[in-house]
Amino acid sequence: MTEVFNQSSLMNYEKLLGKEELYKLWLVFADEVESFFVRSQSALKSRDYISLRVVYHQIRPAAEVFGLDSFALLCAKIEHNIVNRDLAEIDKEVCESISLCKEGLSSLVLYMDSAYAAKQQHQS
């Protein structure tokens with residue numbers, strides 16, 4: 001199984017984008033992730049699989065950037081299953097994805113808080 005939070009992956013993007021740009025993306029991602037939880041559960045409850053696929057398609061790239069590898073892989077699997085109308089396990093997969101995201105976020109928040117603490121203090 002892939003790591004829940006892959007710090008190496010995040011650091012590769014940090015090298016590519018720079019600390020400042022990555023931090024800006026982090027602030028956007030941190031704001032958007034709550035919306036992901038609400039939108040995914042709402043789409044699943046209403047059986048709106050098109051919207052559900054869009055939700056997972058939109059969050060997956062950010063999950064990859066921030067090292068949430070297991071979650072990103074499950075996002076891709078959910079998208080694939082929706083496109084192929086393989087919906088037998090969709091409820092379970094969505095619940096698992098939300099748990100994986102929350103678990104990865106716990107580690108990610110700790111990392112971002114420590115790695116970018118100076119930036120947070122300057123913005124206060």
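Predicted model: local features only at pLDDT ≥ 70, side-chain atom pairs only at ≥ 80, totals over all residues.

Q: How far does helix 2 reach from its first C-alpha to its last?
A: Helix 2 covers residues 19-45, which makes 27 residues, and its span is 38 Å, close to the 39 Å expected at 1.5 Å a residue.

Q: And where does helix 2 bend?
A: The bend is at Glu32, and its angle is about 30 degrees.

Q: OK, which residues have the most contacts inside the largest nonpolar core?
A: Those are Phe29, Phe66, Phe71 and Leu108, in a core of 35 residues. Helix 2, helix 3 (49-65), helix 4 and helix 5 (90-115) are the elements that give two or more residues to this core.

Q: What does Phe66 touch?
A: Not counting residues up to four places away in sequence, Phe66 touches Phe5, Leu10, Leu22, Leu25, Trp26, Phe29, Leu108 and Met112.

Q: Changing topic: is Glu79 buried or exposed?
A: Glu79, which is found in helix 4 (residues 69-83), counts as buried because its relative accessibility is 6%, and the cut-off for buried is under 20%.

Q: Which side chain does the side chain of Glu79 join in a polar contact?
A: That partner is His57, and the polar contact is 2.9 Å. Leaving aside neighbours within four places in sequence, Glu79 is also in contact with Arg53, Tyr56 and Arg60.

Terms used
Residues numbered from 1 in each chain as written. Heavy atoms only, no water. Helix = DSSP H or I, 4+ residues; strand = E, 2+ residues; numbered from the N terminus. Expected span 1.5 Å × (residues − 1). Bend = angle between axes of the 7 residues up to and from the residue. Buried < 20%, exposed > 50% of the residue type's maximum accessible area, 1.4 Å probe, protein only. Polar contact = N/O pair within 3.5 Å; in protein donor to acceptor, adjacent residues only side chain to side chain. Contact = heavy atoms within 4.5 Å. Core = buried A, V, L, I, M, F, W, Y, C linked by side-chain atoms within 4.5 Å.
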